[in-house]
Amino acid sequence: MVFAAITYAACYLWHALARSSFTDSVFAAAFPGFSWSVVGFVTGLGWSILYSAYVAVVFVPVYNLCCRVRPEPGERRRVG
């Protein structure tokens, strides 16, 4: 979640340095209720954190399930 917040803030600052209509449309589509203001920044930050939590809850268990390393038959599992 911290990575998502830092990335969002970096993108927001980049837009302040190099304005583009592309970033306007992307931010508006990705973060409902977003606008280029303090309230819009906080709204987008909240959505960014929610998106990252969703990815962590849904995709991490699926990845762990699919990529589990299984011991060879007859091999004992090591602990630690």
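Colleague: In which helix is the place of Ser48?

Modeller: The model discussed here is predicted. Helix α3 covers residues 38–66. The place of Ser48 is therefore in helix α3.

Colleague: Is Ser48 buried or exposed?

Modeller: A residue counts as buried under 20% relative accessible area. Ser48 has a relative accessibility of 8%, so Ser48 is buried.

Colleague: Which backbone oxygen does the side chain of Ser48 reach?

Modeller: Leaving aside residues up to four places away in sequence, Ser48 touches Ala4, Ala5, Tyr8 and Phe31. At 3.3 Å, the side chain of Ser48 reaches the backbone oxygen of Ala4.

Colleague: Which residues of α1 are buried, and where do they lie on the helix?

Modeller: The buried residues in α1 are Ala4, Tyr8, Tyr12 and His15. Seen down the axis of α1, these buried residues fall within an arc of 70 degrees, so they line one face of the helix. On the other side of α1, the exposed residues include Phe3, Ile6 and Trp14. The cover over the buried residues Ala4, Tyr8, Tyr12 and His15 includes α2 and α3.

Colleague: How far apart are the end C-alpha atoms of helix α1?

Modeller: Helix α1 has 16 residues, which at 1.5 Å a residue should span 22 Å. The end C-alpha atoms agree with this, being 23 Å apart.

Colleague: In which helix is confidence highest?

Modeller: The mean pLDDT of the chain is 83, and 86% of its residues reach 70 or more. Confidence is lowest in helix α2, at a mean of 82. Confidence is highest, at 89, in α3.

How values were computed:
Residues are numbered from 1 along each chain as its sequence is written. This is a predicted model: local features need pLDDT of at least 70, side-chain atom pairs count only at pLDDT 80 or more; totals for chains, interfaces and linings use all residues. Side-chain values use heavy atoms; hydrogens and water are left out. Helices (H or I, at least four residues) and strands (E, at least two) are DSSP runs, numbered from the N terminus. Buried means under 20% relative accessible area, exposed over 50%, partly exposed in between (1.4 Å probe, protein chains only). A polar contact is a pair of N or O atoms within 3.5 Å; within protein, one must be able to donate a hydrogen and the other to accept it, and residues adjacent in sequence count only if both atoms are side-chain atoms. Contact means heavy atoms within 4.5 Å. pLDDT is the predictor's confidence in each residue, from 0 to 100. The expected span of a helix is 1.5 Å times one less than its number of residues. The arc is that of the directions from the helix axis to the C-beta atoms.
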